[in-house]
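Please read this note with the structure open beside it, and look up each named residue as you come to it.

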Amino acid sequence: VNAFVVTAPLAAALLPLLLPAGTPRRCARIVLAAGAALAPLLLADMLDRVALALVLLVSLLAFLAVAFSTGRGFFSRLDGDRVGEPTAPVWSRVSVYFALLGAFWSAMLLVATATTFSGLWLGISATTLATAFLVAFAGESLALEAAWKYLILCSVGIAVALAGMLLLAHVTLAAGVAPSAALSWDAIGGRAFAAAPAGARLAVALMLVGFATKAGLVPMHAWLPDAHSKAPAPVSGLLSGVLVSCALYALWRTVQVATALGCGPFARETLLWFGAVSIVVAALLMLVQTDLKRLLAYSTVEHAGIAALALGFGTPLGDLAALFHVLAHGTTKAAAFFAVGLVQRAAGTTAIGELHGLWRAGAAGRLLLGALGALGAMPPFGVFASELLVVVAGALAGRWAALAIGVVGMAIAFSALARTAIAVEAGAAPTARPLTSAGLRFVSTGAAVLALGCALATVLLPWSAFAR
Amino acid sequence: LRTHPEARALRPSLGLPLRLLLAVGAAAATANEPAVFVVACGVGMLLVHRNLIAHLIALLVLGTGITLWGAVIAPALPESIELGATFDAVVGTFIGLALIRAVAAHHPLLDVESLRSLRG
């Protein structure tokens with residue numbers, strides 16, 4: 001069942017190639033992608049709640065990305081002007097795009113359904129391989145530069161995580177764990193380690209650094225703004241909304257194992273300061289951005305930092321806040337990138353200085369304003385609720401210094417998003433074709449994601465935690 | 001690349017004698033851990049060389065060293081992990097070569113310094 005669920009998205013991406021191009025193939029893509037998105041329900045009884053939440057997030061957002069990309073005219077002006085030209089690289093073809101999108105989706109499901117670090121590592125590694133060409137999809141010089149940095153830096157990070165994983169296996173094997181379960185978090189968590197075994201701390205440190213590279217935490221974040229800003233908008237939405245979430249999930253699993261091995265405080269403290277520094281650095285860099293997609297990419301670094309900060313508090317409420325923030329941010333960031341994709345399609349640019357009057361230009365402009373407000377943690381959006389939960393968790397844990405740094409960073413990020421929102425939304429409507437012509441289907445897709453993020457705030461928030 | 005008139009300017013940031021000296025020093029320091037020496041070579045290549053192909057080879061060396069190290073310290077691990085790491089290295093190499101080929105159309109010297117337009 002697990003293998004079927006993981007491979008279903010890839011199969012759903014490849015099978016439509018058997019049909020003639022045009023409407024039949026487009027319809028088949030959406031129908032099969034919907035089937036692949038529903039398949040994980042078969043695993044509902046086999047996964048723990050956190051893994052199940054990640055599986056559902058992956059499936060929902062990946063399906064929406066496929067639906068967004070399938071829209072008529074998406075490849076004519078948006079992100080891929082060189083599609084179909086003889087000089088374009090082989091990966092700048094629509095069929096290759098969807099095949100890679102399916103592979104990316106499958107790789108993320110592999111991460112979310114893994115029960116051992118070897119499966120998780122293989123999934124994280126496969127996401128890099130599947131998305132390198134997606135980042136380079138446009139085929140122009142800057143996209144290739146972004147893809148190269150992404151491939152090299154993430155591969156180094158993954159190699160570091162592999163080294164940590166192998167050292168972890170060395171430690172657990174020496175402690176008497178069976179070879180087949182040496183990297184299973186359940187098996188490691190089920191054993192009582194009186195004191196941290198030799199090498200355990202180094203193994204945990206290497207795994208944290210490796211997976212933090214994939215999560216885009218400072219100072220290993222250099223690849224993220226480039227890759228997320230140069231990829232096509234739906235891919236950027238997945239990279240920011242889901243792939244970073246998968247890496248944060250890997251960090252959470254590492255912290256779990258570190259706790260079992262007796263070096264939990266070390267892992268939590270490391271994540272706490274990774275998170276606090278990431279929030280402030282990303283927020284300061286958001287102030288100087290001149291491109292909407294790059295601004296959103298740095299916002300992803302900031303939000304990954306918030307989740308890491310919450311994990312670093314080391315309390316159940318902190319862990320819950322981190323999970324809730326990952327879900328709320330994932331849905332919101334995907335909606336934001338979809339909205340920017342619509343703006344880019346209509347206006348032909350994402351340069352903040354060249355955009356104005358989007359509020360009057362159509363539904364996409366309003367969706368973008370909602371997404372920027374949501375990312376700035378304005379109520380009633382999901383991110384507001386999750387950041388509030390993070391602050392409460394930090395206060396209850398008594399981690400005032402890291403929390404203060406984080407809150408200052410959040411305030412700076414809010415001001416950067418507010419300033420950008422005013423710049424692009426206010427003023428006279430652009431003379432270019434109105435944004436409503438971009439297709440209400442796309443707008444409703446983004447709005448549905450945003451609404452889900454908002455709904456998460458009211459449905460999932462553990463209000464009883466505040467009462468206590 | 002070798003026939004390009006400006007290729008001579010693409011020298012590694014450390015001269016050959018110094019690189020050899022460092023390699024010998026690293027080999028002596030890791031005499032009992034050959035896999036660690038391979039990892040050090042990979043990291044050194046990534047830091048010193050300016051050519052994209054050299055960086056790709058460095059990545060392969062780094063991955064190979066770590067896999068070897070794993071085989072030494074945890075020999076009882078299932079072989080699927082080594083197979084996964086090998087698969088990752090092979091596919092990553094092909095993707096890297098495809099990207100290098102496309103980059104060469106814009107930057108024939110394949111100088112890593114030419115890939116610094118995206119900043120800030």
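1. Within the lining of the largest pocket, the element that gives the most is α7(A), with five residues. Before going further, please keep in mind that this is a predicted model, and that the values in this note are therefore computed from predicted atoms.

2. The largest pocket holds about 640 Å³ of space. Of the 28 residues that line it, the closest to its centre are Lys149(A), Leu153(A), Ala222(A), Val112(B) and Arg116(B), a list that draws on chain A as well as chain B. The elements that give two or more residues to this lining are α7 (141-174), α10 (223-230) and α13 (292-312) of chain A, together with α2 (34-48) and α3 of chain B. Sorted by class, the lining of the largest pocket has 16 nonpolar, five polar and seven charged residues.

3. Which residue does the side chain of Lys149(A) meet in a salt bridge? The partner is Asp226(A), with a distance of 3.0 Å from N to O. Because Lys149(A) lies in helix α7 of chain A while Asp226(A) lies in helix α10 of chain A, the pair ties together parts that are 77 residues apart in sequence. Over all chains, the count comes to eight salt bridges.

4. Turning to chain B as a whole, its secondary structure comes to four helices and zero strands, so that, read from the N terminus on, the order of its elements is α-α-α-α. Taken along the principal axes, the box filled by the C-alpha atoms of chain B is roughly 50 × 35 × 35 Å.

5. The contact between the two chains takes 36 residues from chain B and 42 residues from chain A. Between them, chain B and chain A bury about 3,100 Å², and 80% of this area is on carbon and sulfur atoms. Ile95(B), Leu99(B) and Leu118(B) deserve a look here, since together they supply 21% of the area that chain B buries against chain A, more than any other three residues.

6. How many salt bridges are counted between chain B and chain A? The count is zero, whereas four residue pairs are found in polar contact across this interface, with both residues of each pair at pLDDT 80 or more. On the side of chain B that touches chain A, the elements that give two or more residues are α3 (52-73) and α4 (79-106) of chain B, and α4(B) gives the most, with 14 residues. By class, this side of chain B has 23 nonpolar, 10 polar and three charged residues.

7. Most residues other than glycine have a negative phi, and most peptide bonds are trans. The peptide bond from Val218(A) to Pro219(A), however, is cis, with omega near 10°, and Pro219(A) lies in the loop between α9 (200-215) and α10 of chain A. Another cis peptide bond joins Pro379(A) and Pro380(A), where omega is about 10°; Pro380(A) lies in the loop between α16 (363-375) and α17 (382-397) of chain A. Ala377(A), which is also placed in the loop between α16 and α17 of chain A, has a positive phi of about 70° although it is not a glycine.

Technical notes:
Residues numbered from 1 in each chain as written. Chains lettered and ligands numbered in written order. Heavy atoms only, no water. Contact = heavy atoms within 4.5 Å. Buried area = accessible area lost by both parts, 1.4 Å probe. Salt bridge = Lys/Arg side-chain N within 4 Å of Asp/Glu carboxyl O. Polar contact = N/O pair within 3.5 Å; in protein donor to acceptor, adjacent residues only side chain to side chain. Nonpolar A, V, L, I, M, F, W, Y, C, P; charged D, E, K, R; others polar. 1 Å grid on protein atoms, 1.4 Å probe; cavity = no way out; pocket = protein on both sides within 12 Å on 5 of 7 lines; lining within 4 Å. Points joined across faces, edges and corners; volume = space filled by probe spheres on them.
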